[in-house]
Amino acid sequence: MSQESGLKTFRDMGGLWENYSVEDVASITGWYNNPELVMDFYNQRRKQLLDAKPNAGHYGIAELEKWFDVNIITQNVDDLHERAGSTKVLHLHGELLKVRSTADPDLIYNLDGWELKMGDKCEKGSQLRPNIVWFGESVPAFYDAIPLVENAGIIVVIGTSLAVYPAAGLVNYAKPGAPVFVVDPNRPDTYLKNAVYIDEKAGIGVELLKQKLKKLI
């Protein structure tokens with residue numbers, strides 16, 4: 001979804017982020033082994049995000065709120081949906097512009113600026129870490145996402161390979177017979193019943209999606 005805003009995805013980089021493996025910079029083991037490296041990696045991602053802007057896909061999804069009750073469930077950790085105007089966004093894998101306590105995962109703070117440092121602590125005196133769900137950690141927001149999918153009259157899947165679990169399993173909670181729209185230039189291997197495919201990137205695909213959805217009103 002955010003690729004056209006200049007934010008690269010893990011898939012784009014062949015499993016490497018700036019020459020670092022996922023185990024080095026996006027796992028709980030990586031944090032324990034080298035917290036300074038992980039901290040710097042997310043500082044650079046955060047700095048990049050602050051310079052990025054929402055793309056046409058983000059604005060198109062936000063515009064759908066004129067006609068539909070839109071709930072966004074995103075694997076992205078950026079805030080581009082919110083900046084584009086979407087009002088109901090659930091981040092499955094955390095939020096890059098927030099940090100949390102290493103001692104109490106419920107202590108979450110907005111970060112002022114882009115840089116988190118070793119020695120920055122929560123109110124309980126523990127080191128702050130990126131508010132990101134890493135490989136090897138549970139995805140607590142998944143359980144908030146399930147009822148949103150179960151109650152949805154229309155399901156839209158944008159810009160995902162449907163290969164990362166548990167997020168990819170959310171489509172299995174859709175109501176029987178609920179129409180499914182998939183926007184991606186590369187069709188996912190997962191079979192989706194009742195699916196309509198729009199083989200375009202988000203910027204163009206969401207505009208085509210809007211035209212199809214408005215016919216359902």
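Buried means under 20% relative accessible area, exposed over 50%, and partly exposed in between, with a 1.4 Å probe and protein chains only. We're working on a predicted model, where local features need pLDDT of at least 70, side-chain atom pairs count only at pLDDT 80 or more, and totals for chains, interfaces and linings use all residues. Residues are numbered from 1 along each chain as its sequence is written, and side-chain values use heavy atoms, leaving out hydrogens and water.

**Exercise 1.** Work out whether serine 5 is buried or exposed, and find which residues serine 5 touches.

*Solution.* 
- Start with the area: serine 5 has a relative accessible area of 16%, so it counts as buried.
- Next, list the contacts (heavy atoms within 4.5 Å). Skipping residues up to four places away in sequence, serine 5 touches Ala52, Lys53, Pro54, Asn55, His58 and Leu80.

**Exercise 2.** Find which residues of helix 6 are buried and what they pack against.

*Solution.* 
- Helix 6 spans residues 142–150, and its buried residues are Phe142, Ala145, Ile146 and Val149.
- They sit on the same side of helix 6, because they cover an arc of only 115 degrees around the axis, taken from the directions from the helix axis to the C-beta atoms.
- Their packing partners are strand 3 (72–74), strand 4 (89–91) and strand 8 (155–158). Helices (H or I, at least four residues) and strands (E, at least two) are DSSP runs, numbered from the N terminus.
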